Structures are given as C-alpha cells and as structure tokens.
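Visitor: I am new to reading protein models. Could you take me through this one, step by step?

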Amino acid sequence: MALGAQGFADPRPSTPPGRRHLQRVLSRVQLLQLDSVNVAVRAHYMPVFSRLGGYAPSLVDEAAWSHSTRKPRLLVESWAHEASLVPIEDWPLLRSGAKKPGWWQGYQQIADGEPGLVEDLLAAVKELGPIGAGALERALLGEGPRARGPWWDRSEVKRLCEWMFGTGVLTTGTRKGFERLYDLTERVIPPDVLSRSVSPEDGARALVSRAAVALGVATEPDLRDYYRLDPRRSQQAVASLVDEGVLEPVAVTGWTAPAYRHVSARVPRRVLGRALLCPFDPLIWERARTERIFGFRYRIEIYVPEPKRVHGYYVFPFLLDGSLVARVDLKADRARSALLVQSAFAEPGVDHARVAAELAAELREMATWLELEEVIINPKGDLYPTLVKAAV
C-alpha cells in the first residue's frame, strides 16, 4: 500500500515522459525535496527518474522556475518537509500556521534590530530581482547602484534573506545553477493563490490529508513528519479527518503505534519493477518508517568520517519488485563521463545473481539519463563480484 501510494505500482511510460507524467508523479508524492548535495544527481530530479525512468530534467526546471506564459509554473519553493518544491496551490496551506516554526525564526532578532536593512533588502529585490544573496550583499554593502556602505555585516544580509524566505516574504524567482535567486513572493505566486487565507486548523487538515495520500498507511508521527507539522495541529487534524471519514484507523502487524489508511489507498495487485532511490526520496526519508515497513536499516553517512562509514558517502537503496534488496554508493564523475559505483551491498537472503542483473540494468539506464558514457564498479561490498559480471 505504501509503494502504491508513492507511485511504484504504476508502470513506467513507454513514450518519452512529458508534463502529464510529471503531474502524475506529483499527485503521488506531493512534493520534491531540495538538497545541496550533488554527488550523483540533485535530490529533486531523482524521485521523478525513480518512478518514470529516463526523462528530460528540464521538465522539472520548467515546472519549478519557468516564466513562460505558455507553460506556467506548477511548483514553488517553500519549507515543507525540508526545503522543497511544492504545488503552487499549496502555498496558502504552508503559510497557514499549521507547521511548527522553522530554524530561520532564530533570525527574527536580526530583523527586529535592523528594520532599515530589511527595508533596503526588499527594495533591492524589487528593483534587481530575481537576485542571489551574494549580489544583494554587493548591491547593499559597497558595489552597485544601491550601495549604502559597510553599515551592516555581510552575514546579516544572508541570514535575513533566509528569514524572509522562511516567512514567505521572498521566494525563489529562479535558480542559476543551484543558486537561489530571490524574488518578491507576489511576483511568483498568482494573486488568487497568494490572497487565499487558510486557518491553521484547515491548513493542518489539508496537509495531513496530502501526507496520507502520499503514504497510503501511516502513523500520526509519519503523517506529521511529511510536512513537519506542529504536533498538536497534526494530532487534531488526524482526529478530525477520522471523523470526516478521510482517514480510517487500522492496525498494522508489528507496528506499536496506531495507524491510519487514507480512504483512497489500495493494496496493488502486485508491485513489479526496479528503482534506485536517492537518500531524500519520500518513500524512505523517514528512516524509522523505512525500517518498520521494509526491515531495512538505512542511515545517510555524509557526515560520518570516512573510516567509520559502513556503506558509503551517498548511498542509494535499490528497490526490486517491492523489496529493498541492495544499496549502492554512487557518484557521477563528469570528467570521466562515468557513473561510479563506489560500493555495492546486498541485503541478507536475496538472490545475488538476479539482484545484480536488475541493478546493472538500472545503473546503465541511470548513466544514460545523466548523459554518462559508462558505469564503473569499484571492488567494495559483498555484491561487487556478481554485479561486475552482470555489468559486462
């Protein structure tokens, strides 16, 4: 049921994926998490590939940062699970007060103490935007037409940009590479969406309902985590949605907490196929839930010193016919035009030959999608001997 809700029971398209296919994925996962790590591929592109196979990344770019009137943007950046791309129509829900305060609230003191800087920042964005934080620093602190001199610390400019992004005063107008270029929210969000007022209670109900659609069956903490909601709001929303018949209380064998099924969730007849999952894929980003459902203990080891890493720096779990059967540490080496498999480990009890054959095929497909010419497998991990044979 969890896999079906996330779109893994849907067959990959037989034709090149287009905007309609992207919208289908978005209707399942609800949001795409952003992350600055770019070892293999940016996090917001990978969940779409995992569900559709090879597609043009420009589909996501146009949906998120297009200024075209012919293809209006579908997505906007906001703090949701973490920094995420969310449907534009969900903006009022995220601004409703249903979410718990974010880390940027710590910069409120700077804003209160430097109202002149806040005003100048907004004026500069209005005049020069979309614009990055570095360019804003130069414009305000010594270079460019709005330069005012070194009255403020450069770090304060960046912090206030984050604060205004977190509070919704600014959002991302577009991106240059991966640099966020800030713009006034009213120039990005359509007026009818921006003007819509949503109460915290209604916002929490709508977001919990979306989380339930994405998860299929979940505990209240699972539902709360999807959008990082305020616990009290989430608990009230779950109770309300149960009363409304949107959520059905269920018991799941092996789960100690009560669970809830969205009324639209179904158990697929079967889940076939394969997918590599980046660490920020919504199927697995809540690690305790991943272990509870799949018996798959997964930790991201980016911040673990290299000698202490168990599986690698940026590890992709491998989903095959509904089970997590292996994990590979991947890196895109553009200079060598190669997708590097830094390590490859199988889960206990799996058929190494079959897993290796399917994984090798998916690695080749991923390399082609990333416009890399080959897959290079390093001799690390118990799956290496079988995988290197399968890749020949």
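Visitor: Which residues does Leu319 touch, leaving out those up to four places away in sequence?
Guide: This is a predicted model, where local features need pLDDT of at least 70, side-chain atom pairs count only at pLDDT 80 or more, and totals for chains, interfaces and linings use all residues. Residues are numbered from 1 along each chain as its sequence is written, and side-chain values use heavy atoms, with hydrogens and water left out. Contact means heavy atoms within 4.5 Å. By that rule, Leu319 touches Leu3, Phe8, Gly273, Arg274, Ala275, Leu277, Leu283 and Leu324.

Visitor: Is Leu319 buried or exposed?
Guide: Leu319 sits in strand S10, residues 315-320. Strands (E, at least two residues) and helices (H or I, at least four) are DSSP runs, numbered from the N terminus. Buried means under 20% relative accessible area, exposed over 50%, partly exposed in between (1.4 Å probe, protein chains only). Leu319 has 3% relative accessibility, so Leu319 is buried.

Visitor: How are H11 and H12 oriented to each other?
Guide: Take lines fitted to C-alpha atoms over the stretch in contact, with angles from 0 to 180 degrees between N-to-C directions. The axes of H11 (residues 200-215) and H12 (residues 220-227) come within 9 Å and cross at roughly 105°. Angles under 35 degrees count as roughly parallel, over 145 as roughly antiparallel, 65 to 115 as roughly perpendicular and the rest as oblique. H11 and H12 are therefore roughly perpendicular.

Visitor: Which residues of H12 make the contact with H11?
Guide: H11 brings Leu207, Val208, Arg210, Ala211, Ala212, Ala214 and Leu215. On the side of H12, the residues are Asp222, Leu223, Tyr226 and Tyr227.

Visitor: Which residues of helix H4 are buried?
Guide: H4 spans residues 58-65. The cover over its buried residues includes helices H2 and H3 and strands S2, S3 and S4. The buried residues are Leu59, Val60, Ala63, Ala64 and Trp65.

Visitor: Is Glu347 buried or exposed?
Guide: Glu347 lies in the loop between strand S12 and helix H15. Its contacts, not counting residues up to four places away in sequence, are Phe296, Leu324, Val325, Ala326 and Arg327. With 14% relative accessibility, Glu347 is buried.

Visitor: How many disulfides does the structure hold?
Guide: A disulfide is a pair of cysteine sulfur atoms within 2.5 Å. Cys161 is buried at 0% relative accessible area, and Cys278 is buried at 0% too. The number of disulfides is zero.
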